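These are my notebook entries on a few residues that I looked up.

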Amino acid sequence: MIDLRSDTVTRPSADMRRVMQVAEVGDDVYGEDPTVNRLEARAAEMLEKEAAIFSASGTQSNLIALLSHCERGDEYIVGQLAHTYKYEGGGGAVFGSIQPQPLDLEKDGTFDLAKVAGAIKPDDYHFARTKLLCLENTHNGLALPLEYLAEASRFASAHGLNIHLDGARVFNASVKCRVPVSQISRYFDTISVCLSKGLGAPVGAVLCGNRETIKRARRWRKVLGGGMRQAGILAQAGLYALDHNIERLQQDHDNARLLAEGLEAIDALEVEYDLPQTNMVFVTLPEEAVGRLQAQLQGNGVLVASGRRVRLVTHLDVSQEDVQTVVSLVEQFFSQQ
């Protein structure tokens with residue numbers, strides 16, 4: 001199957017499986033898994049942070065960040081459509097009694113910082129205490145401008161806020177912007193990085209920050225049931241991903257561009273693919289094609305999401321030839337209408 005639903009569907013390569021099989025392991029709850037320790041040290045070094053913690057998922061990594069920055073009755077400001085607000089089950093509120101203050105994002109994935117300033121609560125016991133600003137990079141596949149990250153960092157500091165980045169696909173952003181990932185992470189107090197999306201590991205994320213914050217995060221990970229034992233088997237996949245699968249993200253970006261160009265030639269489709277896009281293409285289908293196109297594609301070995309506005313995601317298991325196949329199948333569908 002050619003699966004364009006998400007880059008979470010990647011499967012570990014044969015080489016990744018081989019190194020996982022021979023991974024050196026210990027009990028990570030005791031801090032004794034050498035492979036986990038190497039992964040955490042490597043991630044902290046790459047992102048130029050003091051420490052890191054390996055977690056089971058990006059959702060868990062973001063959640064322990066929220067719990068480490070905020071206390072009961074505190075508030076975090078977040079995008080209305082950001083993953084840390086919309087797609088993580090309300091974890092901050094459920095587990096930490098942390099109030100989200102969602103705001104609309106601009107089309108490029110940034111905040112209007114004047115609107116953020118207006119949402120920060122006064123120092124008054126009538127209000128939740130605004131403690132944290134959360135950004136997402138990439139957002140809907142868009143790499144945020146570096147100059148904006150610097151501006152947001154200065155803004156947060158001036159308003160006494162910590163700043164967290166949901167960097168699930170931050171390596172896509174660094175490849176797109178052609179800078180080391182540390183040139184992005186430098187603007188944030190904490191940053192969560194998924195290993196299981198475009199980097200191709202089967203599971204896991206790392207949260208990076210200063211030692212004190214990561215110490216709190218380690219306690220919260222345990223409270224959430226996220227203490228893992230011989231987790232080095234999974235951490236070894238993460239190390240392999242960091243060693244082998246970062247630069248190749250450019251291939252995914254190139255394939256997304258080719259996909260967008262091919263689909264733009266089909267009059268019935270509205271295609272969204274802006275210059276800052278990385279590995280995502282958004283396509284709006286005619287009402288009468290919804291469901292029917294997805295079914296026909298699936299019958300021909302292609303999986304795409306349901307709905308009228310469809311996100312198509314390229315990744316390491318999607319080749320240039322696969323992209324050409326998809327475009328051809330979509331062309332055939334609309335030529336028959």
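Entry 1. I located N140 in the loop between β5 and α7; helices (H or I, at least four residues) and strands (E, at least two) are DSSP runs, numbered from the N terminus. I noted that this is a predicted model, in which local features need pLDDT of at least 70, side-chain atom pairs count only at pLDDT 80 or more, and totals for chains, interfaces and linings use all residues. Residues are numbered from 1 along each chain as its sequence is written, and side-chain values use heavy atoms, with hydrogens and water left out.

Entry 2. I found a positive phi of about 50 degrees at N140, although N140 is not a glycine. N140 is partly exposed because its relative accessible area is 33% (buried means under 20%, exposed over 50%, partly exposed in between, with a 1.4 Å probe and protein chains only).

Entry 3. I looked up T138, which also lies in the loop between β5 (129-136) and α7. The peptide bond from N137 to T138 is cis, with omega near 10 degrees.

Entry 4. I turned to R178, in the loop between α8 (170-177) and α9 (182-185). R178 is not a glycine, yet its phi is positive, about 60 degrees. R178 counts as exposed because its relative accessibility is 76%.

Entry 5. Is Y148 buried or exposed? Y148 counts as buried, because its relative accessibility is 8%. I placed Y148 in helix α7 (residues 146-158). Leaving out residues up to four places away in sequence, Y148 touches T110, F111, L113 and L135 (contact means heavy atoms within 4.5 Å). I also recorded that the Y148 side chain reaches the backbone nitrogen of F111 at 2.9 Å.

How values were computed:
A polar contact is a pair of N or O atoms within 3.5 Å; within protein, one must be able to donate a hydrogen and the other to accept it, and residues adjacent in sequence count only if both atoms are side-chain atoms.
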